Amino acid sequence: MTERSAKLNILKFVKIVSFSLLLVILAFFVAATVRTLTFDVNAGLQLAHWEKTNNIASDINQHQREELLANFRDAIRIPTVSTTETQLNTTALREFDGLLRKAFPTVFSSHLVQHEVVANYSHLFWVPGSDLALVPYMLLAHIDVVPAEERDGWEAPPFSAKEIDGFIYGRGTIDNKQSVMGILQALEYLLIRGYSPRRGFFIGLGHDEEVSGFQGAMNIVRVLKKKGVQLAFVLDEGLAVLDGVISGLQGPAALIGISEKGLATVKLSVSKAPGHSSMPPSESSIGILAGAVKRLEENPMPRLFGEGPERGTFEHLAHKFRLPLKFVMSNMWLFSPLLGRVMERRPDTNAFVRTTTAITMFNSGVKVNILPSQAEAYVNLRIHSAQSLQEVLELIQSTVGDERVKMELVDGFDPLPVSSYDETSFGFQIIKKTVLDQFPQVTVAPGICIGNTDSRHYTDLAKDIYRFAPTWFRPGDAQRFHGINERISKKNYEELVVFYFNLIQNCDIKDLPSPHSAGHEL
């Protein structure tokens, strides 16, 4: 009797637990379903009443169209290549200075614009506003480009600016002379039409971004600090408009970078006594180091998807996915681990999941019959926003797990702070408004840059730093970035000029509207 009662009690307990578990699952499902049907974090200021401004129309006539394309082609033809911190094409940089003065005479002659050359080749412009109470902002771009050789497989010489099927080919067309020329061309047209800003702004054009910006950007920052400048926000290169790139997304997405991954370059080395190859030891310096490198590749950094700003990207895009992806994207609180596992299968999406580890250099040996005394490898890591540089170094040390392997930090810094992107974020909402006014079919979302930009040097001057230009990327275009056949369509370059033309004017409002108030639609 007692045994039977015990069994009944156990069965009753199992039923209660099972029923409770079923209720919990059902509650989760109902909550997730309701969220899927109602979730749209993009609603924000879309129904808000924006301050009325008398913006100058961005009409571009045929003469101006030919002019802006000619100026842009001239910029691409100048090989402003940065190879290392000490190897810059200074002749080309001086030539580029002359081009800017020739292409934008009004910018350089206007009483409204103050200009100075910084560190010999970088440029700083200051356009004061009429309302001194409004905090200025800053637009950034960089003049230099990475090396390019036609023999690598270019369809057109990389510094020819040749047009093929409506595209201008050349190094710098998307990194980053489209912004250099687009910003100044927009300002040139505004000044010609009598524009005088209400909110002041700076333009900073660095000359060595591709080799870390230690001369250009850092010296521009020093100049601004001496002036006591603080900025409402900074807008630099970074992310773009992605069309057909994100699987399952309906329509294009404009991703505005709100942070950058951190960086670490680590040198691993092994030292042993040299010897003759006819009497090899059980382990050579190369073998020991190869084992360490293999362990790093076989044991990637922890999966951190959903713990950084990348979660906001998918939440902003969720309403543009069809079921069942819409269900998943709308409930990142529940599905982040699952989505992270899916994304880590591809190199391009794995970069958003974790700190990436890349073995980029391996050096050892001088002769085929000599055992080398020294072997060294360089590891390049891009640090996820949820990790620190120190945490990454400790993980490398524990993964290598061999005292014979010496680890040395060559260069590194923590991930950049995450800029605001809510309904009260002035910079983000102004950029978003400018994008949607020009491209109403686009969905705007925050994103994270997996590379680094000059803007990382500006963190002391601005709390909010954004990384975006409305360059359109379609499937395969991302590989052109620092790769072969870099190009931009003539139409897209004109769109960039119009974007900056409107952005500068949109920044003249004093305050953002209150969210959800009736009135103007974005």
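**Rings, cysteines and an annotated site**

Ring pairs tie Tyr137, Phe201, Phe233, Tyr421, Phe426, Phe428 and Tyr466 into a cluster. Here, rings of Phe, Tyr and Trp (its six-membered ring) pair if their centres lie within 6.5 Å; planes under 30 degrees apart are stacked, over 60 edge-to-face, and the rest tilted. The model is predicted, so to speak of local features a pLDDT of at least 70 is needed, and side-chain atom pairs count only at pLDDT 80 or more, while totals for chains, interfaces and linings use all residues. Residues are numbered from 1 along each chain as its sequence is written, and side-chain values use heavy atoms, with hydrogens and water left out.

Searching the whole structure turns up 14 aromatic pairs. One of them is Tyr137 with Phe201, a stacked pair at 5.3 Å centre to centre and 20° between the planes. Tyr137 belongs to strand E5 (residues 137-142) and Phe201 to strand E8 (residues 201-206), so this pair ties together parts that are 64 residues apart in sequence. (Helices, H or I of at least four residues, and strands, E of at least two, are DSSP runs numbered from the N terminus.) Both Tyr137 and Phe201 are buried, meaning under 20% relative accessible area; exposed is over 50% and partly exposed is in between (1.4 Å probe, protein chains only).

Then there's Phe468 with Phe499: the ring centres are 5.9 Å apart and the planes sit at 75°, so this pair is edge-to-face. Phe468 and Phe499 are both buried.

As for disulfides (two cysteine sulfur atoms within 2.5 Å), the count is zero. Cys449 is in none, as the nearest cysteine sulfur, in Cys507, is 19 Å away. Cys449 is buried at 4% relative accessibility, and Cys507 is buried at 0%.

The unreviewed UniProt entry carries a "binding site" annotation on Asp175, Glu210 and His482; such positions follow the numbering used here, feature names are shortened, and annotations may be inferred rather than shown by experiment. These residues spread over 308 residues of sequence, yet they cluster in space, with a largest C-alpha distance of 10.2 Å. Asp175 sits in the loop between strand E7 (167-169) and helix H5 (177-192), and is buried at 3%. Beyond its neighbours within four places in sequence, Asp175 has contacts (heavy atoms within 4.5 Å) that include Glu210 and His482. Glu210, in the loop between E8 and helix H6 (216-226), is buried at 18%.
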